[in-house]
Amino acid sequence: MPAIQETVDQVSQIDVDQYKYGFVTDIESDRAPKGLSEDIVRFISAKKNEPDWMLEWRLDAYRRWLTMTEPTWSRVHYPKIDFDDLYYYSAPKSSPGPKSLDEVDPELLAMYEKLGIPLREREILAGVEGASDRRVAVDAVFDSVSVVTTFKEELKKAGVIFCAISEAIREYPEIVKKYLGSVVPVTDNYYATLNSAVFSDGSFVYIPEGVRCPMELSTYFRINERNTGQFERTLIIAEKGAHVSYLEGCTAPMRDENQLHAAVVELVALEDAEIKYSTVQNWYPGDKDGKGGIYNFVTKRGDCRGDRSKISWTQVETGSAITWKYPSCILRGDDSQGEFYSIAVSNGYQQVDSGTKMIHLGKNTKSRIISKGIAAGRSDNTYRGLVSAHRKASGARNFTNCDSLLIGDKCGAHTVPYIESKNASAVFEHEATTSKIADDQLFYCLQRGLSSEEAVALIVNGFVKDVIQQLPMEFAVEAQKLISISLEGSVG
Amino acid sequence: MLEIKNLHASIDGKEILRGVDLVVPTGEVHAIMGPNGSGKSTLSYVLSGRDGYDVTEGEIIFDGSDIVEMPAEERAAAGVFLAFQYPLEIPGVATMTFLKAALNAQRKARGEAELTTPDFIRRVKVASEKLNVSQEMLRRPLNVGFSGGEKKRNEILQMALLEPKLAILDETDSGLDIDALRVVSEGVNSLRSPERSMLVITHYQRLLDHIVPDKVHVMSAGRIVRTGGPELALELEAKGYADYAGEAA
C-alpha cells in the first residue's frame with residue numbers, strides 16, 4: 001500500500017473515543033431548572049447569598065444579553081446552541097466548606113485520583129510541612145462550587161486572598177465592585193455577557209502591594225453535570241509590585257451532549273506588578289465521529305494597568321470540540337509587557353480558533369507572541385491574533401511567531417494575523433511557518449527503534465519546546481504527557 | 001546473517017525489485033553498485049521495513065528468521081541499521097536527546113535495562129571523539145543546519161552507539177568532500193567486526209577505496225546481475241554501467 005494512503009487510512013481510524021478521562025462521577029447535584037430567565041438569574045444569585053448589588057449587576061447583564069446575537073466570525077462550525085435547553089446552575093451536594101480532606105466527598109477525591117492530577121497535593125492538602133519545595137494551593141472548582149480551599153491560612157499570613165469568587169463577593173465587596181467587569185466589560189461579547197448574568201463560581205485572587213505570592217495558585221476545573229453550562233468567573237488583582245503565578249487545569253467526563261462552557265477571566269496588574277497565568281485544558285473533545293464534546297467559548301483578558309507591569313499567558317489546549325479563546329493583554333501602563341505562549345493541539349473533529357490580542361496603549365510597551373498549533377485527524381486549527389498600537393503608543397514593540405504542524409492530510413491549519421499601527425515608531429515583527437510530519441521523518445525515527453507514537457511525541461515535543469519552557473515545572477511535565485496522549489493513534 | 005531469496009517488491013503497484021538473491025555472511029562487508037534506478041535504495045528500504053513497499057514474493061532471512069512481516073522498529077531493535085542517504089531533520093530535538101531515545105527504545109524492546117545518564121554520556125563521548133563530532137553539535141537539534149559531512153558523521157555516530165548486527169549504508173559518500181569522506185570511512189572501518197555485516201550501497205567506486213569490501217555485487221533492473229571481488233568495482237569505474245544499461249528499467 002502506498003505510504004500516503006496508509007497514513008490517511010490510519011489517521012481516519014483515530015480512536016478519539018478512547019478519551020482517557022471519560023467517566024462520570026456519581027455525586028448528587030443540586031440544580032436549577034432548565035432554561036434561562038430573570039428567575040434563573042435570581043435563583044443563582046440567591047443560592048450564592050449574594051448582596052443586592054450583585055443581583056442587579058447580573059440582571060443588567062442578562063437584559064443586555066437578550067439584545068445581543070452570537071458572533072459568527074470565527075472559523076468554527078457547530079449546530080445552533082439552544083440556550084433554553086441548558087441548566088445554568090448545578091452544585092454537588094457536599095457539606096459546604098470542608099475544613100480538611102476527611103470532610104471532602106470521597107467520590108470527589110477518588111475522581112481527582114483517577115484524573116492523575118498531581119494531587120500529591122493530598123499531602124499538601126493535609127498540610128504536611130515541607131511535602132514539596134514548591135507548594136501548590138488548590139482551589140478545586142467541582143462543577144460550580146468550590147469544595148476545597150487549601151492553604152488559606154498561610155496565604156492569609158502573606159495578605160493574599162485566594163477564595164471562591166462567590167465568597168469574595170460576600171467578604172470583599174469593595175474590591176470586587178472596583179474590579180469586576182473592569183477588564184472584560186459586561187457587554188464585551190455575547191458569551192462574556194452571558195457569563196456575567198449566570199456565572200456560578202470561580203476563583204478570586206488578591207495580592208496586596210509589594211507581596212510576592214508565596215506559592216503557585218492552582219485551580220482544577222471539571223464539568224460533571226449533564227447539560228450544565230459552565231460559567232466560571234475568575235478575577236485576579238496584583239497590586240503595586242505584587243507577583244503571582246496562577247495555574248488552571250481541567251478535564252471532563254465523557255458525554256453525548258455538547259456542553260457549553262463560557263468562562264471569563266480578568267487580570268489586573270498595577271504598577272510593577274506581574275501576573276503569570278498558565279492553563280492546561282483537556283476537556284472532552286467529542287467521539288471519533290465528532291459527536292459530543294465541550295464547546296469552549298472563553299474570554300480571557302489582562303490589563304497592564306500600571307507602568308512597568310507584566311502579564312503573561314501560557315496555554316496548552318488539547319481538549320474541547322470547539323475552542324474559541326483569545327487570552328489578551330491591554331498594555332495601558334508605560335513600559336508594560338504582555339506575553340502569550342500557546343500550544344493548541346487538535347485531533348479527530350476538533351475545531352480550534354484561538355490566539356491573542358496585544359493592545360499597545362502606553363509608551364514603550366512590549367509584547368511577545370509564540371503560538372504553536374498542531375493539527376491531526378480531521379481537525380481545524382486556526383491562529384487568530386491582533387497586534388495594535390494606538391496613537392500614543394510610541395516605541396511599541398511586538399514579536400510574533402506562529403508555527404503550525406500538520407499530521408496527516410485531512411486536517412487544516414490557518415493563521416489569521418491582524419496588525420494595526422497608528423504610531424509610526426511602533427515596530428511589529430511577524431513570523432509564521434507551516435510544516436508537516438513527513439513519512440520519511442517518521443520512518444527515520446522508526447528505523448532507529450522508536451515506535452510511531454514515541455516518534456510523533458518526540459517530533460511534536462521538539463516543535464512545542466519554546467512554549468513548554470515557559471510553563472511552571474510541574475505543569476511542563478504534565479503538558480508534555482497530555483500532548484502525547486492527545487495525539488495517540490494519529491499515525492500508525 | 002543476511003540471506004535474501006528471490007525478493008520481489010513493488011511501490012504503488014510498480015515492481016522495483018524483481019527477484020533479488022543475495023547472501024551476506026556474518027562479519028563480511030559487501031558492496032552493491034549499480035546505475036541509477038536499478039533498485040539499490042529500494043532494497044535498503046525494503047530491508048529496513050519502510051512502509052509503502054509491498055513484498056510480493058521472496059524472503060529476507062536475518063539472523064535465522066524471515067523478517068518480511070516485521071515492523072521497522074522491531075527490525076531496528078533486532079539489529080538492522082540503515083545509514084540514510086539524506087538524514088532527516090527534527091527541529092527542537094537535541095541530537096543527544098534523540099540518541100538517548102533511540103538507544104533506550106531499542107534496549108527496552110530487547111528487554112534490557114535503560115542506560116543511566118552517566119553511562120550513556122560516557123558511550124557518546126567515546127564514539128563521538130572518534131568521529132570528530134563536537135559536544136556543541138550534539139546539543140544542536142538533530143541534523144538541523146548540519147553540513148553534509150556533519151549529517152553523515154552523525155549517521156555513523158548513531159551506528160556506533162546502536163551497535164547493529166547488519167548495517168546498510170545508503171550512498172554514504174554522496175555530498176561528502178574528500179576530507180569528510182575519509183573521516184566517515186575511518187568511522188565505518190572502525191566498526192567492522194567479525195560479528196557485524198555491512199551492506200554498502202554506492203554508485204561510485206571511490207567510497208570502496210576507503211571501505212574495502214569483501215564482495216561487490218552489481219544490481220540492475222531490480223536484480224543482482226553479477227558478483228565479484230573488490231576488483232569488480234574498479235572494472236565498473238573504468239567501463240561504466242553501459243554493459244548493464246540494457247537491463248535497466
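A salt bridge is a side-chain nitrogen of Lys or Arg within 4 Å of a carboxyl oxygen of Asp or Glu. Keep that cut-off in mind, because the pair R448(A) and E155(B) has its nitrogen and oxygen at 2.6 Å and therefore counts as a salt bridge. One caution before I go on: this is a predicted model.

R448(A) sits on one chain and E155(B) on the other, so let me turn to where the two chains touch, using that definition again. How many salt bridges does the rule find across the interface of chain B and chain A? It finds two. Polar contacts are counted separately: there are nine residue pairs between chain B and chain A, with both residues at pLDDT 80 or more.

Which elements of chain B give two or more residues to the side that touches chain A? They are the helices α1 (40-48), α2 (72-78), α3 (95-109) and α6 (148-162), together with the strands β6 (80-83) and β7 (90-94). Of these, α3(B) provides the largest share, six residues. Sorted by class, that side of chain B has 19 nonpolar residues, eight charged and seven polar.

Now the extent of the contact. Chain A contributes 22 residues to it, and chain B contributes 34. Between them the chains bury about 2,300 Å², and 61% of that is on carbon and sulfur atoms. Three residues, R50(B), E73(B) and L88(B), account for 23% of the area that chain B buries against chain A, more than any other three.

Next, two of the helices I listed, α3(B) and α6(B), which also pack against each other. Their axes are 10 Å apart, and the angle is about 35°. The crossing of α3(B) past α6(B) is right-handed. On the α3(B) side, the residues that meet α6(B) are T95(B), F98(B), L99(B), A102(B), L103(B) and Q106(B). Their partners in α6(B) are N154(B), L157(B), Q158(B), L161(B) and L162(B).

Last, the whole structure. A search over all chains gives 31 salt bridges. One of them joins the side chains of E70(A) and K80(A), at 3.4 Å from N to O. Where do these two residues lie? Both E70(A) and K80(A) are in the loop between α3 (52-66) and β2 (90-92) of chain A, ten residues apart.

That is what I have for today.

Technical notes:
Residues numbered from 1 in each chain as written. Chains lettered and ligands numbered in written order. Predicted model: local features only at pLDDT ≥ 70, side-chain atom pairs only at ≥ 80, totals over all residues. Heavy atoms only, no water. Contact = heavy atoms within 4.5 Å. Buried area = accessible area lost by both parts, 1.4 Å probe. Polar contact = N/O pair within 3.5 Å; in protein donor to acceptor, adjacent residues only side chain to side chain. Helix = DSSP H or I, 4+ residues; strand = E, 2+ residues; numbered from the N terminus. Nonpolar A, V, L, I, M, F, W, Y, C, P; charged D, E, K, R; others polar. Axes fitted to C-alpha atoms, helices over the stretch in contact; angles between N-to-C directions. Left-handed = near helix turned anticlockwise from the far one by under 90°.
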